[in-house]
Structures are given as structure tokens and as C-alpha cells.
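Please report on this model. Cover its fold, its cores and its ring contacts.

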Amino acid sequence: MSKASRPRRLLTLATGNRHAQGYLAVVAASVPASFLFPDGVLGMAPMLLTAPLSFLGVVLPFGPGTQGSPAAEALAIGLWTLWFLACALVNAAVLGALATGAAGDGTGTGRPAARAAGDTGSAAARRPGARFGRLIPGAARAGAGEGVAHRLRALLAPAVDNWPARMYLAVVAAALGFFLVAVYALPDPGFAGIWPIMATAPLSFLALLAVPGTDAGPEWLSPLLFAVGAVLAGLVNAALLGRLTHRLRSPQIRPVV
């Protein structure tokens with residue numbers, strides 16, 4: 001597959017199914033809503049809907065707040081708009097990758113892999129000792145536990161088996177490491193928590209809301225619980241990014257309507 005074909009594949013995933021199209025429609029509607037209601041959640045809706053990539057705009061040297069000549073400000077706003085559109089397309093492509101089938105099966109539909117798993121399960125069920133295993137509660141629980149562990153490994157595999165997801169996890173680890181060092185080792189952590197929030201958004205905001213206040217427990221526990229929530233949010237984002245990476249490498253991508 002040529003490198004030039006991957007942008008076209010990304011665009012196909014971002015626009016070729018109802019899930020991605022609906023997401024893009026919501027993002028488009030959030031832009032005028034943020035201008036009409038700049039305060040509160042609606043004011044941040046475009047960034048939240050295109051997170052986590054949209055939060056990288058904080059460190060970019062351009063944006064709506066850029067000062068300078070009218071030409072420089074117009075150029076900065078134009079570049080920021082392109083960045084915002086790119087973030088929206090990537091997130092839409094992630095939804096498209098989920099809608100068009102399981103990643104990593106090489107077909108784009110996930111059916112052969114599922115069929116192979118079903119055939120293997122049927123063959124295992126036909127073995128003479130299989131029916132006796134169903135009569136033993138301990139064996140049944142062990143088999144169920146193995147099945148859950150297998151599904152969990154399958155869900156998390158895209159988070160670590162490709163370089164884009166690994167690089168993202170490295171950014172998350174750096175942000176969390178800085179946050180924990182600032183909280184537990186520095187006298188004034190300041191706004192260190194903003195980095196893991198931005199790196200693992202939007203689910204990190206749910207993790208932040210789930211952390212109890214200092215009155216509900218030891219003061220040292222809240223940062224640790226937030227770090228655990230940020231790790232889980234980062235794993236989810238990395239798994240989604242990995243699925244998108246696998247779909248972009250897939251030999252065939254067909255729109256799903």
C-alpha cells in the first residue's frame with residue numbers, strides 16, 4: 001500500500017458510514033453553539049468532541065489568540081482551523097474503523113476471524129471431555145475466566161502492537177509521571193494535572209469527576225485515584241488509535257452505510 005493511499009483511506013473511514021457522519025454533524029453543530037454560548041460546557045464542546053488531539057493546540061505556536069498583523073492573525077486562525085478539521089477527521093475515522101469491522105483481521109469485516117474462532121470452539125465442544133468439563137463448576141468458572149481474559153487481551157492488543165499507539169502511550173506516561181512527581185515530590189504542584197487531563201481527554205474528565213474530594217478520604221489518595229483513571233482513559237484512547245492504524249493498513253476499506 002502506498003503512503004499516498006492512506007489519507008484516502010482515512011477519509012473513507014471518516015465519511016463512509018453513519019456513525020462517522022453523525023459525529024461530524026455533531027462537531028459541526030458544536031462550533032456555532034460555542035460562539036452563541038461561550039460559557040460552560042458548550043463553549044468547550046468543539047475541543048472536547050475532538051479530544052485528545054485538539055488539546056495539542058495548546059502547545060502549537062498558532063491559534064485564535066495569536067497576536068500580530070492582520071495577515072499573521074488570519075494565517076494563524078486558518079492553520080488552527082485546518083488542525084481542528086484534522087482532529088475531527090481522525091476521530092471520525094476511529095468511529096469508522098469500529099463500524100467497519102474488527103481491526104487486525106486483515107479483511108476489514110472481522111467475520112473470518114470470528115468464524116475461525118467459532119469453528120475452533122465447536123471443535124473443542126465436540127471433544128469427549130468437553131461435556132464433562134461443563135458438569136464441573138470449577139472447570140466452568142476457569143473456562144469463563146480464560147474467555148474473559150482472552151477478550152480483554154484482544155481488546156487491549158491494538159493499544160500496544162503498533163507504533164502510533166505506543167507513541168501515544170509514551171506521551172501519556174510522561175504526562176502522568178510529571179503529574180505524580182509534582183504532586184508527591186514538589187512543594188507546589190501548580191497545574192501539573194492539566195497535562196494528563198489533556199493527554200487522555202475526553203475520558204479523563206470522567207476520571208476527574210469520579211475522584212473524591214479530600215474530605216472524603218486521605219489527601220494523598222485523590223491524585224493516585226485520578227492517575228489510575230487517567231491510565232484507563234489512556235488505554236482506551238490507545239486501543240482506538242491502534243484499531244484505526246490497523247484499519248488504515250487493511251488491504252480493503254469499503255464504506256458502510
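The report below moves from model basis to fold, cores and rings.

## Basis

This is a predicted model, where local features need pLDDT of at least 70, side-chain atom pairs count only at pLDDT 80 or more, and totals for chains, interfaces and linings use all residues. Residues are numbered from 1 along each chain as its sequence is written, and side-chain values use heavy atoms, with hydrogens and water left out.

## Fold and surface

The chain has 11 helices and 0 strands. Helices are DSSP runs of H or I with at least four residues, strands are runs of E with at least two, and both are numbered from the N terminus. The chain holds 257 residues, and 31% of them are buried. Buried means under 20% relative accessible area, exposed means over 50%, and partly exposed lies in between (1.4 Å probe, protein chains only).

The chain exposes about 15,400 Å². Carbon and sulfur atoms supply 71% of that area. Accessible areas come from the Shrake-Rupley method with a 1.4 Å probe; for residues, only the protein chains shown count as cover. Among contacts between residues at least 6 apart in sequence, 67% join residues at least 24 apart. A contact means heavy atoms within 4.5 Å.

## Annotated segments

The unreviewed UniProt entry annotates "transmembrane region" at residues 20-37, 43-62, 74-99, 167-186, 193-212 and 224-244. UniProt positions follow the numbering used here, feature names are shortened, and annotations may be inferred rather than shown by experiment.

Residues 74-99 are 100% helix and 0% strand, with end C-alpha atoms 37 Å apart. Residues 224-244 are also 100% helix and 0% strand. Their end C-alpha atoms are 30 Å apart.

## Nonpolar cores

The largest nonpolar core has 13 residues. Such a core is a set of buried Ala, Val, Leu, Ile, Met, Phe, Trp, Tyr and Cys residues joined through side-chain atoms within 4.5 Å. L13, V27, A92, A93 and L244 have the most contacts inside this core. Helices α1, α2, α4 and α11 each give two or more residues to it. The largest share, 6 residues, comes from α4. A93 touches L10, L13, A14 and L244, not counting residues up to four places away in sequence. A second, separate core of 11 residues includes A165, Y168, L176 and A199.

Helix α1 (residues 5-15) buries S5, R9, L13 and A14. Their cover includes α2 (18-36), α4 and α11 (221-249).

## Aromatic contacts

The structure holds 3 aromatic pairs. Rings of Phe, Tyr and Trp (its six-membered ring) pair if their centres lie within 6.5 Å; planes under 30 degrees apart count as stacked, over 60 as edge-to-face and the rest as tilted. The F55 and F205 rings have centres 6.2 Å apart and planes at 35 degrees, so this pair is tilted. F55 lies in the loop between α3 (41-49) and α4 (70-99), and F205 in helix α10 (residues 203-210), so the pair ties together parts 150 residues apart in sequence. F55 is buried at 8% relative accessible area. F205 is partly exposed at 26%.

W80 and F84 form a stacked pair, 5.7 Å centre to centre with 15 degrees between the planes. They are 4 residues apart in helix α4, separated by about one helical turn. W80 is partly exposed at 26% relative accessibility, whereas F84 is buried at 11%.

The charged end of R166 sits over the ring of W163, 4.8 Å from its centre. A charge sits over a ring if NZ of Lys or CZ of Arg is within 6 Å of the ring centre and within 35 degrees of the ring normal.
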